[in-house]
Amino acid sequence: MTQHAGALSGPAVETPPRTLSERIVRALNKTPIHIALGIIALIWLAPTVGLLITSFRPRSDIQATGWWETIFTLRFTLENYQEVLQARGMLQAFINSAMIAIPSTLLPLAIASMAAYAFSWIKFPFRDTLFLVVVALLMIPVQVAFIPVLNLFRETGLTRGYAAVWLMHTAFALPFGIFLLRNFFITLPRDLIEAARMDGASDIGIFRRIVIPLSVPAIAAYGIFQFLWVWNDLLLALVFVQNGALNPMTRQIQGLLGTYGTEWHLLAAGGFLLMFVPLIVFFSLQRYFVQGLLAGSVK
Amino acid sequence: MSIAPPPQQGGTGTGVAAGTIPRQDRFALGGRSPVGLILLAPALLLLIVFIVYPTFYTILLSFNRGRRGEFTEWVGLRNYEQLLTRDPNFINLGTFPPSGAVWNNVLWIIFYTSFVLFLGLIIAVLASRVRYEAIIKAVVFLPMAIAATALAVIWSFVYTPNPDIGLLNAIIGAFGAGPISFLGDPNLVNWGLIAVGIWGSVGFATVILSAALKGIPTEIIEAARVDGATERQIFFRIIVPMVSLPMSVLAVTLIVNVIKLFDLVFVMTGGGPGTASRVIAFTMYQEAFPSGQFGRGAAVAVVMLIILIPIMIYNIRRFRTEAVT
């Protein structure tokens with residue numbers, strides 16, 4: 001994964017222009033490129049920016065004129081957010097999303113790193129065969145687990161709380177987590193671990209004091225990837241959260257779109273509340289986030 | 001980065017080659033304790049209970065009528081037969097063009113995959129020529145951070161038929177054409193959805209291919225320029241072949257995305273209008289839950305599994321060859 005470290009940064013190195021005329025010639029040569037990139041940026045920004053502007057416009061304005069005409073009116077309000085947070089239960093849904101996403105991130109983080117350590121630095125029978133099985137499990141679609149796991153939980157009533165959705169997210173995050181972390185752990189210097197062993201450190205001690213501290217970048221990338229995966233998930237919440245009061249934001253917004261499909265003041269504000277946390281993560285932890293996503297491309 | 005052949009834990013124990021020094025003995029010795037199993041136990045337990053056991057359960061269930069999701073009434077291959085021959089919502093080859101969830105997934109695979117790869121490469125190449133490369137990549141990558149549910153809201157808004165609300169119809173209206181209901185027309189709905197999928201994934205391809213482009217030695221491109229190659233030739237004769245490996249890995253990832261695609265379709269169209277935009281993963285949900293046809297839902301899940309198995313084998317092969325080198 002280190003090869004992607006600078007994935008989002010650093011333009012190609014180029015010799016600086018020596019004279020003014022050279023600078024002008026270069027700029028002219030690149031005009032079509034600048035125009036093309038400008039159009040691309042517009043196509044990728046306009047839909048999202050449009051929704052963002054809409055979320056701050058009064059309902060009557062939204063129904064009357066397009067968001068691109070806002071410059072003629074310049075009327076903004078926070079009422080949409082107020083309504084969607086309070087009357088439409090989005091505040092509760094926001095809390096619910098966190099209630100689902102935090103355990104569903106911490107559990108696989110702990111369990112996958114333990115397993116990955118065993119797969120990289122402990123010898124036991126059939127270790128590498130078992131690891132290939134884990135790699136194979138990466139491709140199992142989550143759909144195959146719906147009916148059996150619901151059946152398993154029906155008697156226990158676990159689907160009325162979060163237990164089912166936590167466990168499903170954890171289990172289906174493990175193959176990728178074990179794969180990613182094991183591939184990182186085996187790059188740690190062998191001498192370091194063997195020296196610790198010779199000094200009498202136990203496996204648990206080596207894992208806690210050497211492997212984990214040295215693997216923070218990989219663990220962070222996996223954790224961020226998993227957190228956003230769960231935060232953004234609709235399908236598992238749809239199947240395994242069977243108590244309306246516990247619905248996360250994705251389900252709340254899907255419900256809004258179904259019931260109030262033309263109430264754009266609510267949908268825009270709700271949509272932005274859903275995007276709020278991922279956008280903060282994206283802008284603050286971009287490097288880890290991109291690494292996690294690139295490594296996660298196998299999921 | 002090497003993975004040893006399965007260790008032989010026989011009488012000799014250590015399993016290390018001749019010329020062993022005591023250090024490696026210690027290493028092997030430490031490994032013989034049950035610690036490995038203890039560390040693995042939680043992961044193995046969860047994988048078995050939530051992935052391995054359900055997979056076998058679902059395969060068996062697909063041969064049953066399966067009311068309440070239990071093994072009631074063995075029906076053999078009837079669920080599959082019904083899905084593949086008598087369910088026009090799943091696959092209908094009787095019309096031209098064909099229709100149904102499987103066909104829609106085929107459209108997705110062809111157009112989503114090729115456009116994401118093509119646009120991703122074009123943007124990566126263009127961006128590499130300017131100073132604000134990082135900004136362009138961040139802008140295009142941004143949708144990757146957002147939930148498919150949020151993409152659905154953003155684009156439902158863009159597609160709104162009312163030209164005073166929907167951006168796209170406002171643009172079409174400016175050219176004097178009537179409003180188009182992108183998501184309400186069975187002939188357009190799949191293209192509308194695929195476009196959103198492309199928009200959401202191009203950044204992913206851009207970032208990966210951009211990293212691959214940076215791996216092409218600049219001397220090669222400089223040498224080609226000196227020899228009088230046109231930009232076009234450089235693109236098709238040097239850049240495309242040099243990034244073909246990351247492109248093929250990306251293509252596999254994108255195809256897996258398509259097979260698992262659910263949220264976007266479910267939120268934007270609910271598979272509609274009618275059943276026009278259903279995809280396989282949507283059908284699985286629809287059969288199993290709102291319709292309560294668990295046997296058929298299980299059969300659809302198995303169809304997904306069968307489609308993914310070649311990719312599973314490809315991944316394992318790739319992993320093993322990587323491990324050897």
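Mentor: In this predicted model, the C-alpha centres of domain 1 of chain A and domain 2 of chain A are 34 Å apart. The part to examine is the boundary between these domains, where domain 1 covers 15-84 and domain 2 covers 86-298.

At this boundary, 17 residues of domain 2 of chain A are in contact with 13 residues of domain 1 of chain A. Together the two domains bury about 1400 Å², and carbon and sulfur atoms account for 68% of that area. Of the area that domain 1 of chain A buries against domain 2 of chain A, 46% is supplied by A:Leu51, A:Glu83 and A:Val84, more than by any other three residues.

A:Glu83 also takes part in a polar pairing: its side chain meets that of A:Arg88 in a salt bridge, at 3.2 Å from N to O. Between domain 1 of chain A and domain 2 of chain A, the count of salt bridges is two. For polar contacts, the count between the two domains is six residue pairs, with both residues at pLDDT 80 or more.

As to where the touching side of domain 1 of chain A comes from, helix H2 (31-55), helix H3 (59-64) and helix H5 (79-86) of chain A each supply at least two of its residues. Sorted by class, this side of domain 1 of chain A, which touches domain 2 of chain A, has five nonpolar, six polar and two charged residues.

Methods
Residues are numbered from 1 along each chain as its sequence is written. Chains are lettered from A and ligands numbered from 1 in the order in which they are written. This is a predicted model: local features need pLDDT of at least 70, side-chain atom pairs count only at pLDDT 80 or more; totals for chains, interfaces and linings use all residues. Side-chain values use heavy atoms; hydrogens and water are left out. Domain bounds come from an automatic or database domain assignment. Contact means heavy atoms within 4.5 Å. Buried area is the accessible area (1.4 Å probe) that two parts lose on being put together, summed over both. A salt bridge is a side-chain nitrogen of Lys or Arg within 4 Å of a carboxyl oxygen of Asp or Glu. A polar contact is a pair of N or O atoms within 3.5 Å; within protein, one must be able to donate a hydrogen and the other to accept it, and residues adjacent in sequence count only if both atoms are side-chain atoms. Helices (H or I, at least four residues) and strands (E, at least two) are DSSP runs, numbered from the N terminus. Ala, Val, Leu, Ile, Met, Phe, Trp, Tyr, Cys and Pro count as nonpolar, Asp, Glu, Lys and Arg as charged, and the others, Gly among them, as polar.
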